[in-house]
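Let's walk through this model together, starting with its charged pairs and moving on to helix packing and the surface.

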Amino acid sequence: MKATEATAMSRAGKVNWVLFNPKTYATILYLLLSLPLGIIYFTVAITGLTLSIGLTPIFIGIPLFFGVAKLLNGIVIFEQSMIRQILGLPNPTVSYTYNHQSETGQNWLKRMVSGFDGALFIRNLLLVLLRFVTGIVFFVIMVTVIALGLGLIALPVVHIILMNELQLDILENSLFSYFHIDWTYNQQYLLYVGVGLILFWVALRVVNGLMQILRRIMYVDEPYQQPSVPPMEAQIHAPVQSQYYEYQEDHPTQGMMQPAHREL
């Protein structure tokens with residue numbers, strides 16, 4: 001049952017028809033913004049950690065370090081929510097695994113220390129650094145493949161404008177002249193536009209593939225793979241259930257009618 005739900009959830013964010021799907025163009029906008037956002041995330045993380053380490057002797061770096069840890073967690077949650085919104089995934093249900101009443105009498109520093117998770121901090125830091133690298137790489141890949149497809153599609157218009165305005169023939173020394181293929185400009189236009197449409201469709205598929213890679217890198221599907229029953233609720237019901245079965249084993253016939261035997 002859980003495997004079926006996980007498979008259905010993994011297919012929910014996939015784009016089937018890329019050309020007319022708004023998710024594709026939302027992904028393009030997201031990848032365009034990923035480069036400046038990745039630089040901002042990287043700068044904030046490195047600057048915050050450097051300042052917290054440098055200011056530790058005067059005790060300002062300790063709360064600054066926990067503040068940076070909270071900020072990194074917020075950045076990862078923000079990126080995960082943006083990917084869910086673009087792919088149309090539902091918001092995960094939040095389960096509280098700790099007692100809020102135990103933190104009411106503590107100050108803000110003790111609450112930050114008690115809520116700090118070292119493994120989560122290292123994971124968030126690595127995700128922010130990886131987000132910086134993937135932001136640059138994915139931006140270059142996306143711009144290259146889209147520009148190549150759109151450039152071939154717009155080539156006939158550019159050629160006509162240059163011929164009429166500047167008398168510049170950019171197709172004079174094309175591949176057709178090297179292979180001695182005597183094609184007219186209209187035939188070359190059709191070929192370039194056809195190849196450009198195919199490359200643009202491939203570019204959109206590449207863009208959606210990059211988004212699926214980011215979806216796995218940023219652990220977007222992790223909340224959907226967790227058990228639906230909160231841990232606190234499981235801890236509450238488990239002792240009650242075990243006591244019930246122990247009670248049945250100790251008194252197997254209690255509550256049942258016993259046969260009456262009369263001695264004659």
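Arg215 and Asp221 form a salt bridge, their closest N and O atoms 3.2 Å apart; the term means a side-chain nitrogen of Lys or Arg within 4 Å of a carboxyl oxygen of Asp or Glu. Both Arg215 and Asp221 are buried, that is, under 20% relative accessible area, with exposed being over 50% and partly exposed in between (1.4 Å probe, protein chains only). This is a predicted model, where local features need pLDDT of at least 70 and side-chain atom pairs count only at pLDDT 80 or more, while totals for chains, interfaces and linings use all residues. Residues are numbered from 1 along each chain as its sequence is written, and side-chain values use heavy atoms, leaving out hydrogens and water.

The structure holds three salt bridges. In another of them, Arg131 meets Glu79 with the closest N and O atoms 3.0 Å apart. Because Arg131 sits in helix α5 and Glu79 in helix α3 (residues 61-87), the pair ties together parts that are 52 residues apart in sequence. Arg131 counts as buried at 2% relative accessibility, and Glu79 is buried at 1%.

Now follow helix α5 (residues 118-165) to α7: their axes come within 8 Å and cross at roughly 165 degrees. That makes the two helices, α5 and α7, roughly antiparallel, a label for angles over 145 degrees.

Finally, look at the loop between α6 and α7, where you will find Ile181. At 36% relative accessibility, Ile181 counts as partly exposed.

Terms used
Helices (H or I, at least four residues) and strands (E, at least two) are DSSP runs, numbered from the N terminus. Axes are lines fitted to C-alpha atoms, for helices over the stretch in contact, and angles run from 0 to 180 degrees between N-to-C directions. Angles under 35 degrees count as roughly parallel, over 145 as roughly antiparallel, 65 to 115 as roughly perpendicular and the rest as oblique.
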